[in-house]
Amino acid sequence: MDVPDTGRDRFICDGATVVALGGELDLATAEKAYEAIAAVAVRGCVVVDLSEVAFIDASGVNALINAMRVTTRERHHLALARPPRQLSRILDVLDLHSLLPTHADLASAVAAHAGTRAAAH
């Protein structure tokens, strides 16, 4: 798998736009979720609020990874807020927390991107 050099500590960040996802993030919805995140990522940093996601499968995880690639290419950040337990387990097993940083709540995810230069997270 081609993993991008996220270089989070080098990207300028003047805040983040929140993209809220909900329901099931699976084969039927993953592309739409990816497109929503990618559309915001070209303009700035993104926090994906996953608090309303009830289910996520490999397609959903792949959509998040592909969205991270777009975000990194645009020299912006992407962070996940309030991931469901199922996604946290997947990120643990696949050792993806460094690629897809997570925050326990939306406020801390947004706050991490409030400065002029975000710290590595």
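Trainee: What covers the buried residues of H1?

Mentor: This is a predicted model, in which local features need pLDDT of at least 70, side-chain atom pairs count only at pLDDT 80 or more, and totals for chains, interfaces and linings use all residues. Residues are numbered from 1 along each chain as its sequence is written, and side-chain values use heavy atoms, leaving out hydrogens and water. Helices (H or I, at least four residues) and strands (E, at least two) are DSSP runs, numbered from the N terminus. Given that contact means heavy atoms within 4.5 Å and buried means under 20% relative accessible area (1.4 Å probe, protein chains only), the cover includes S1, S2, H2 and S3.

Trainee: Within what arc do the buried residues of H1 fall?

Mentor: The buried residues of H1 are Ala30, Ala33, Ile37, Ala38, Val40 and Ala41. They line one face of the helix, because, seen down its axis and taking directions from that axis to the C-beta atoms, they fall within an arc of 160°.

Trainee: Which strands stand at the edges of the sheet?

Mentor: The open sheet has four strands in the order S1-S2-S3-S4, with parallel pairing (at least two DSSP bridges between two strands). Two strands each have a single partner, so one side of each is left without a neighbour in the sheet: S1 (16-25) and S4 (102-103).

Trainee: What angle does the direction of H1 make with that of S1?

Mentor: Helix H1 (residues 30-41) packs on the sheet, touching S1, S2 (45-56) and S3. With axes fitted to C-alpha atoms, for helices over the stretch in contact, and angles running from 0 to 180 degrees between N-to-C directions, the angle is about 180°.

Terms used. Buried < 20%, exposed > 50% of the residue type's maximum accessible area, 1.4 Å probe, protein only.
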